[in-house]
Amino acid sequence: MSEHSKTVIRFLDVERVHGSGQQAVRALGPISLDIGPGEFVAIMGPSGSGKSTLLSLAGALDRPTLGRVLIDGQDLDGLSQRQLAELRRRVIGYVFQELNLLPGLTAIENVALPLELDGFPIAKARAIASEALAGVRLQALASRFPDDLSGGEQQRVAIARAFVGERKLLLADEPTGALDSVTGELVMRLLREHCDRGRTTVLVTHDASHAAWADRVLYLRDGLLFDEVGDRRPPVGATS
Amino acid sequence: MSTWSHSRALARIEIRELHRHPARSLLVLSLIAIPVAALVGGSTLARITRPTLKEQRTETFGRATLRIEDPRRLEAIAVLELLPPELLTEPVFLSSTHVHVPGRRLAAQHIGLDLKGLAEGILVLQEGRPPVKPRELAISPNLMQSLHLQIGGTVHLGDPNALHTVVGTVADPEALDRPLVLAAPEHFPDSHPAYLLAETSERRVSRAIEGVSENGFLVTARHQMEDTRGFEDAALFVLAGFGFVEAALVISAAFAVSLRRRQREIGLLGSAGASPRGITASLLASAVILATLGAFLGITVGLGVAALLHPHLDQWNGRLNGPFETSPIHVAGACALGLAASIAAATIPARGATRLPIRIALSGRRPPVRGSGKWVLVGTLLVALALALMVAAIRARGLTATLSILAAAVCGVLGFGALSPWLLEQLARFAAPLPLSWRLAVRDAGRFRSRNGPVVTAVLAGMAISVTIAVMLTSLEPLLAGRAPSLRDDQILLTGPAAEECARELARELPVTARAPLSAVYSDGQIVSAALGDRSGFLVVGDASLLRALGYDSGEQALSEGRIVSAGKQLELRIGDRTLETSLQLAPLVPDQPTSGPIAVIGRERLASQGWAPGPPPRQELTPWLLRLRRPVTEEDVDLASVVAARSVSTTVDAAVLHASPRLGMFRIALLLSMTTGLIIIFVATALTSMESAADAAVLHAVGAAPALLRRHTAARAGYLAFLGCVLSIPAGLIPAAGLLPQANVNLAFSLPWPEIAATLIGLPLVAYASTWLVAALRRPRHPRWQPAR
Amino acid sequence: MTVRHSLLAMLADQPAHGYALKTGFETSTSGTWPLNIGQVYTTLARLRRDGLVEPENLDDHGPRQTWRITDKGRLALEHWYESPVLDDPPARDELAIKVLLAVATQEVDVSRILQGQRAATMERLQSWTRLKRQADPEQEIPWLLLLDALILKAEAEIHWLDICEQRLSQGRHG
């Protein structure tokens, strides 16, 4: 096994610059980073510090200007748009702050979406999606449309969609931003459980109490990795 | 805040909004401009292409005051003696002939009139000079072309020893494709004039009419001639009115769609303290800005397109069209329509949008869906009203009928438009088993029906008028075609002494399926003529190969059994004035292309038993040979046949392709115009909705949808809405057509325009799908950054 | 102050002896606040002096004595529940003082202090969050409420450290 297989996300001297010439703005980097399987990493930092840029890169929604980004061992630079899409639907699950769901699909159809995109027969995709919905305790609302769900329920559906299938990496961009604390905590609990089953989770938040659910907290400032708290390995036992 | 600064702030937001979303503003702009352009262009083209009353009178009278016909067909000299002496008269001769050049023969109308006399204007000289001497002719440009003739060339009219010189070209200004041979009236071979033109002073007209009528002549006066295009007028009126309403609907849809998008923004304005009236006013202000720009653009484009088409119109509708001119009233009307429709169209959704509780508007969620029940009721009532009006119109005549038809058309479109949200909702229920892209399209359209309903209505409005025109065209076509062509498009007719040899030789060169002599049937020297309904022709004698050559692919059995094979059951045979009462056994067959001329076939044995004899067809001395090819005859085939025929003296070739000239009537042009408009409307309206799917596309993209699926997603949305609009446009378009057809003073059978319906149902949605797909594919893969689109 | 009222609150439920009060207090604060038995007896003695509690058995002076609340005690407890808790003057915050001094002296690297503190608080926050994860959200509501309070305080501290950092960096840049 190569070294790549041990890291789910690897950033090597990554820089992302938006625009060019006079108007070029460096949104991120240079930054190097390794995130391994089963890790729960939170990224914090003030607005405009490059959190979301980092997440877009990790989510194969964007390519670096300089340096290399490897997701599940695959260098984004070598992938076509179609291969990037394939990576997104097989390896990565994404949860955004809001507007995660397609309003024209029911909850279960939204969850089944990546599987269906991947060519699963509809019935099979729905069966798997139904399990995922049960995982976020929403099986009762499977046939509702997003507009008929509360914000917290919508986020849980989005998380179920990010879980569904055997995907290794879950990326969450302020998933609790639009939710109250108790509902937000339920979302964090779901993310944590997911991680404890061996999947990697990267969470962008500006909320320390949510970041505390992670094993490792990265601080970004002005696009640079500025501070890091926590252990690479999930800590064992509780301290008082 | 004063009212002024209040409105100023809101107006600034509106103008920024136009700037901020140039693409969307452009789409809304074009949705206003397209109908305005179509109306301006259409009315200008109609004005140019339709004969004015003056032109209609010239066609019949030249510049004469009276037209005198003589049912007794007296010699010209005799006629003149019977007329009041003070009347200045001039004869016009008409007969049919064939123009021969080596290897070719074409049928033509033989006319004798004085181009500069009273008949001036009936025909126009295009090149050369008018024929004055004997053996001088002017012929129509289409004959010149088909016969490869030039001025100074020679032709004969059946007698190879009497060569005529072509001195000029003449054309019928109202029918440029009419094959004509013009001779000086004094040298016309026939001495029976078809009619006389007469001139007298205005005061004496009635006395002259009296005097002429007394002597047993039929006389028509120029000033009595009314516009003969009443039906066309009614149709145009309905189409224009229909166009107005449709334009209003399309514009309204454009605003409705763009306002739904701005729901949240309106909520924000409301929460910032803008008064609902102020918001409505500012939305209206932006409507006026857009409408003014749109109307201006529409007028420019409409006039521009009409001006571009103007030089080509003569070829299309086969007449000498007038100079380019437009009516300021029409332009102003279209402009006012654009403005009025935009303001009216913006008011309703704007009021709806501002009335939405701010809380809901801010949430960005779709407004609570009111049951579409009310709209179903309104829609059903309107459709019922449309049907009732149509039935009323069928029974009525004149202005009442025209207005009822217009009202029926409007009610129909509005009714089906009102039903569209309900339909979208119902269809969305069956979306579950569809593939993803279609499921999303159908579901979305159903859930956001208040936004998608107007798009469907716009498409419906854009296409309904095309359906109406297509029905009229299909129903008019048999009439416009008038006389059926004398040859099928896969037949070649060889005439002359060497016809049989030529036929044999051509059978080696061309894919000939059958060849046979075309012999008429004579009873005691009198030809046996045949009539089938309103078609008249003659009986021919032959065998299976003649049947095949004529286009009957079966019937040999019937022929050998001694029966007469014909194209229909109601065959009537005549010898001279006598109708044959004999019990002829008929075997009716319908050949796939109707032709006139030989309309019934008799076998040789039956011919003998009847005591009849074969002979040449009417007006011919030799028996021609008929060839039928496996495919339509091309010009190259005719050229080849001409070369073969030219080897022997006086042997000529004729084929339908030599007569064919594509002719687009007013309705053809209107159909072309409205189909194009409809297509553009579909494209623009669906482009507007695909902008709405940006948020969905972002989610799909993040979830890992391949680029191809994203394209299909956008395309399916466009295809679905276009399809639904097109489906609804068919009943909406049939209603006014059903009302209009009985208004024609000739009997028009209502026939469905299947090719146009197929194009509307399948072609246009496919085009919408494909073009949206293509646009999505051409768009550079957007930098995939997550930007939640609101 | 708080121990006094906590004992009164427990006695308002039912009379109890000293040791039961100690364990009861520790349970309801989920062991985050250990109490020694001597402190319980001293407090009880003061409460008795003020007439807020009284022994059930006047003869028994040993640890088995059961105490109950008096009417005056109930009144005092009610008053305590009703008055909002405000630190007045604010409690002296060692961290705040440390940071303020560091900024003033300019001899130490403030950002190191901030980073170090934040790391420590974050680790604390993580450990409380872990406790929260292990808690049963239906059975252990008081425990969860206490953890929420602790987490929010720690979060506020981190938030404050972030603000310090931002202000200091703005001060340096501008």
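**Loop residue A:Glu174**

I looked up the loop between β7 (169-173) and α6 (181-196) of chain A, and A:Glu174 lies in it. Helices (H or I, at least four residues) and strands (E, at least two) are DSSP runs, numbered from the N terminus. This is a predicted model, in which local features need pLDDT of at least 70 and side-chain atom pairs count only at pLDDT 80 or more, while totals for chains, interfaces and linings use all residues. Residues are numbered from 1 along each chain as its sequence is written, and chains are lettered from A and ligands numbered from 1 in the order in which they are written.

I noted that A:Glu174 is not a glycine, yet has a positive phi of about 45 degrees. Is A:Glu174 buried or exposed? A:Glu174 is buried, with 20 other C-beta atoms within 10 Å. I used these cut-offs: a residue is buried if 20 or more other C-beta atoms lie within 10 Å of its own, exposed if 12 or fewer, and partly exposed in between, with C-beta atoms placed from the backbone.

**A:Asp13 and the sheet of chain A**

I then checked A:Asp13, a non-glycine residue with a positive phi of about 45 degrees. A:Asp13 sits in strand β1 of chain A and is exposed, with 12 other C-beta atoms within 10 Å.

I followed the strands of chain A into an open sheet of four, ordered β2-β1-β4-β5, with antiparallel pairing. Two strands count as paired if DSSP finds at least two bridges between them. β2 (25-35) and β5 (74-75) of chain A are the edge strands, each pairing on one side only. β4 (residues 66-71) and β5 of chain A pair over two bridges, and A:Ile71 has A:Gln74 as its bridge partner in β5(A). Helix α1 (residues 51-58) of chain A packs on the sheet and touches β1 (9-18), β2 and β4 of chain A. The direction of α1(A) makes about 125 degrees with that of β1(A). For contacts I took two residues whose C-beta atoms, placed from the backbone, lie within 7 Å. Axes are lines fitted to C-alpha atoms, for helices over the stretch in contact, and angles run from 0 to 180 degrees between N-to-C directions.

**Where chain B touches chain A**

I found 22 residues of chain B in contact with 25 residues of chain A. On the chain B side, α14, α23 and α24 each supply at least two residues. By class, that side has 14 nonpolar, one polar and seven charged residues. Ala, Val, Leu, Ile, Met, Phe, Trp, Tyr, Cys and Pro count as nonpolar, Asp, Glu, Lys and Arg as charged, and the others, Gly among them, as polar.

I looked at α23 (residues 694-703) of chain B, where eight of the ten residues are buried. Among them are B:Asp696, B:Val699, B:Leu700 and B:His701. The buried residues of α23(B) pack against α2 (81-90), β6 (92-95) and α3 (107-117) of chain A, and against α14 (436-447) and α24 (707-740) of chain B. B:Gly704 follows α23(B) and has a positive phi, near 105 degrees.

**α13 against α24 in chain B**

I took the axes of α13 (residues 398-428) and α24 of chain B, which come within 9 Å and cross at roughly 160 degrees. That makes α13(B) roughly antiparallel to α24(B), since angles under 35 degrees count as roughly parallel, over 145 as roughly antiparallel, 65 to 115 as roughly perpendicular and the rest as oblique. The residues of α13(B) in this contact include B:Ala408, B:Gly412 and B:Phe416, and those of α24(B) include B:Leu728, B:Ala732 and B:Ile735. The contact has 13 nonpolar, four polar and no charged residues.

**A hairpin in chain B**

I found β13(B) and β14(B) in a hairpin with two residues between them, where B:Asp524 in the turn has a positive phi of about 50 degrees. β13 (residues 519-523) and β14 (residues 526-532) pair in the antiparallel sense over two bridges. β14(B) also pairs antiparallel with β17 (residues 571-575) of chain B, over five bridges.

**Chain C**

I counted seven helices and three strands in chain C, and 19% of its 174 residues count as buried. The contact with chain A takes 17 residues from chain C and twelve from chain A. Which element gives the largest share of the chain C side? The largest share, eleven residues, comes from α6(C).
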